[in-house]
Amino acid sequence: MAADGVAGGGRAARAVSFTRAVKSYGAVRAVAGMNLEIGRGETVALLGRNGAGKSTAISLLLGLAEPDAGTVELFGGPPERAVRAGLVGAMLQEARAVTRVTVRELVAFVAGRYPDPLPLGEVLELAGIGELAGRRVDRLSGGQTQRVRFAVALAGNPSLLVLDEPTAALDVEARRAFWESMRAYARGGRTVLFSTHYLEEADVHADRIVVLDRGRIVADGTGERLRHSAGGALVAFDLAGRGTAGLELLPGVRSVEVRGDRARLRTDDSDATVIALAGLGAIRGLEVAPASLDDAFLALTTGPTAHATDPTAHATGPTAQTTDPTADPADPTAPATDPAAQAREGETV
Amino acid sequence: MWDYLRLEVRRTLRDTGFVIGGIAMPVLMYLLFTNIGDDDGSWRTASMVGMAAYGAVGSALNTGGGVAEDRSLGWLRQLRATPMTSRQVVIGRALTGAVTVLPAICAVLLAGGLVNGVRLAAWQWAATALLLWLASIPFTLLGLGNGYGLTAQTTGVVNMVCNLGLAVLGGLWFPVALFPHWLRAVSAYTPTNRVSQLGVAVAGGHAPTAGAVAVLTVWLLAFGSYAVLAYRRNAGSI
């Protein structure tokens, strides 16, 4: 590894770079061979269910945990070096209110650790806690505490801001204010990485969504691209007693799902699918709708092994009936992930 | 690191439990224990040293309680995501212990001088306070070992057992002369007994005994190693 300083040789380097990173806790492979590059100035959402590996990926990223295999780099060097240089600010998920300090004392203390912090007033303003400055942190509400933690992450004016589930305890109003602040911060050319399990948030607030499932990246792209990769549209119709055989062979169809007497076809080409259905005389109560990001997410994260290993798979109940042509392990992620990752996935499954 | 020290000292002094248990209690116990029954006056001095040591030990161990609390809050983990190094954090904590033992020592010595009429030369007051302060270092290390090695709840219990056990066994509360013979033999090996021996010697105008210094040095090394091991074992999970 090159020995150049973070500020010197790392200048052109990516803000974040995971190369075949693996991290296990006991028998659980929390991060199972992750490749990820985040350029400077990008705002990236790490999207996944609870237990998908988001927090472990963030621990690796901050140098709080060492990968068992592979490498993780920030700004072209080890994470510790970037953290020491004050390039990173983090809002950690499990953190609770620090006891017996005021908001001002806490934020000023953290800001003072960094070489080039933001002015205190600006930080408090940005985090929306200006009027709480004199209050003790351990006497604030959950939402207020969360905003203090955001201020702690911002205080050092870091080039890379890492937010682990930043809106978990916020109400709708506070959530909107939070995202405005985040965007304002990101506008200065800073890199922001946030994790979430809210699809909407990822779609609206990130330039790019990285979907994690069981420690792997199963999709990487804009919300639009994810929708497309999951099948552009849903075509639903009443079966009226007709069987489902052959439906998955119709033009454009990627998967077939049956709910009661109704079939739902996920299709890349809804026009062709509908024409074919008409040819079969199968059009009863026809409905054509664009695929939602939820559909995309479920399609991406519901692999064939999910039911066996993942207790959260219950959330995908209806798909248990799916006759899914994407059951081929190489296929469901194909449109969105890079081929190298695919090959490795084949090895590690 | 100085900012961290300042922050942590401030947080400690705002802890009502610390102020009551670590400062007020030793003073009250000192005044109570020396003003009931007859007394030839020497116990007023010996108990002053003993209770100051008791307060110092409690305050020193409390540093470890703070570490355990901050681990459970995720605050130490948050600090790892700032430019602060782990070394700065650990040293800052040890120094916090060194500062927060001072109120207990000063408060009990003041109570001795102002309320109980203990009369010592100026250098004896200074030397007694200084020795008690230095002798609190092993206990700060014991507290740090507990704080880094154990969970927050366990640390609280273990610290309390260490504090009360060592205080009683070391003769900080009651004179060792009241102990049965075998217990007196055990007491001589406790760090607390030797701390009070140091203080009583200086308050009586004598030099500290070599035995006391030797026993305390052994405890310093033992508790220091314990703190290092506990830290190494758990640093990764902070």
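Okay, let's start with helix α1 of chain B: in α1(B), the buried residues include B:Tyr4, B:Leu7 and B:Glu8, and B:Arg11 and B:Thr12 are buried as well. Before I go on, keep in mind that this is a predicted model.

So where do those buried residues sit on the helix? Look down the axis of α1(B) and they fall within an arc of 130 degrees, so they line one face of the helix. The helix itself runs over residues 2–13, which is 12 residues. From first C-alpha to last, α1(B) reaches 16 Å, close to the 16 Å expected at 1.5 Å a residue.

And what do the buried residues of α1(B) pack against? Within chain B, they pack against α2 (16–34), α3 (42–73) and α5 (86–100), and from chain A there's α3 (103–111).

Now, two of those partners also pack on each other. α2(B) and α3(B) meet at an angle of about 165 degrees, with their axes 9 Å apart. That makes α2(B) roughly antiparallel to α3(B), because angles over 145 degrees count that way. Their crossing is right-handed. If you want to find the contact on screen, α2(B) contributes residues including B:Phe18, B:Gly21, B:Gly22 and B:Phe33, while α3(B) brings, among them, B:Trp43, B:Gly55, B:Gly58 and B:Asn62.

Last stop, the two chains together. Here 24 residues of chain A are in contact with 16 residues of chain B. On the chain A side, the elements giving two or more residues are α2 (79–84), β5 (88–91) and α3. The largest share of that side, 3 residues, comes from α3(A), and α3 of chain A is also one of the helices that the buried residues of α1(B) pack against.

Conventions
Residues numbered from 1 in each chain as written. Chains lettered and ligands numbered in written order. Predicted model: local features only at pLDDT ≥ 70, side-chain atom pairs only at ≥ 80, totals over all residues. Helix = DSSP H or I, 4+ residues; strand = E, 2+ residues; numbered from the N terminus. Expected span 1.5 Å × (residues − 1). Buried ≥ 20, exposed ≤ 12 C-beta atoms within 10 Å, placed from the backbone. Arc of directions from axis to C-beta. Contact = placed C-beta atoms within 7 Å. Axes fitted to C-alpha atoms, helices over the stretch in contact; angles between N-to-C directions. Parallel < 35°, antiparallel > 145°, perpendicular 65-115°, else oblique. Left-handed = near helix turned anticlockwise from the far one by under 90°.
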